[in-house]
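Subject: Structure handover

Hello,

Here is the structure I promised to pass on.

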Amino acid sequence: MTVRVIDISERYIDVSIHMTRRARTARGQASAESGPAAPLYSGAVRRHTDYALARRALLRDLRRGTVARHDVCDAHPELLRAARHVGEAAPHECPVCSARHVSYVSYVYGDHLRQANGRCIVHPSELERLGATHDEFARYVVEVCPDCGWNFLTRRELHGRRHGGAPTQPESARAGRARSAP
């Protein structure tokens, strides 16, 4: 059995050169060979980013021993306190210590949030209120185990009037709905 190795680096080099040419064109520095100016980005901005693949890779490295436990179980005391008192219970156990006290803690950040910038969201109504009064801000959802200190950024969501629609459901509500489906 022969193993065929395919070098795809040239494909990515060509793409990066093309993107650089497009960036110059979008700034109005079109050259004769690049043709008409094309928009640099197309489509709408995604409302959320899910870090599930990065989480799985980190946990895989932890099991293999390439990452030490003290490197992933290093939650700040304020994050642990928020997980204990205002965090939303997660539907799964801790991937590191198997404790059942895993929580999701949400924080909001935005240029125009003023006093709410960097604040922990305690109730979903706070998120709705901020969304109705501000154009754009980001919500970061962190998975935290107060027992061992495991913490991982699981999701980033964009909210506000610019992004319209209802805020996305918390992680535990989605997982609970998936389990209850026939």
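Below are my notes on its aromatic pairs and its strand pairing.

Please keep in mind that this is a predicted model.

Aromatic pairs

There are two aromatic pairs in the structure. One joins tyrosine 109 and tyrosine 140. Their ring centres lie 5.8 Å apart and their planes meet at 70 degrees, so this pair is edge-to-face. Tyrosine 109 is partly exposed, at 41% relative accessible area. Tyrosine 140 is also partly exposed, at 24%.

Tryptophan 150 and phenylalanine 152 make a stacked pair. Here the centres are 5.9 Å apart, with 5 degrees between the planes. Both tryptophan 150 and phenylalanine 152 are buried.

Strand pairing

Strand β6 (residues 151–159) pairs with strand β1 (residues 48–50). The two are antiparallel, with three bridges. Within this pairing, aspartate 50 stands opposite arginine 155 of β6.

β6 also pairs with β5, again in the antiparallel sense, over eight bridges. Tyrosine 140, which belongs to the edge-to-face pair, faces arginine 156 in β6. β5 and β6 form a hairpin, with six residues between them. In that turn, glycine 149 has a positive phi of about 95 degrees.

Best wishes

Note on methods. Residues are numbered from 1 along each chain as its sequence is written. This is a predicted model: local features need pLDDT of at least 70, side-chain atom pairs count only at pLDDT 80 or more; totals for chains, interfaces and linings use all residues. Side-chain values use heavy atoms; hydrogens and water are left out. Rings of Phe, Tyr and Trp (its six-membered ring) pair if their centres lie within 6.5 Å; planes under 30 degrees apart count as stacked, over 60 as edge-to-face and the rest as tilted. Buried means under 20% relative accessible area, exposed over 50%, partly exposed in between (1.4 Å probe, protein chains only). Two strands pair if DSSP finds at least two bridges between them. Helices (H or I, at least four residues) and strands (E, at least two) are DSSP runs, numbered from the N terminus.
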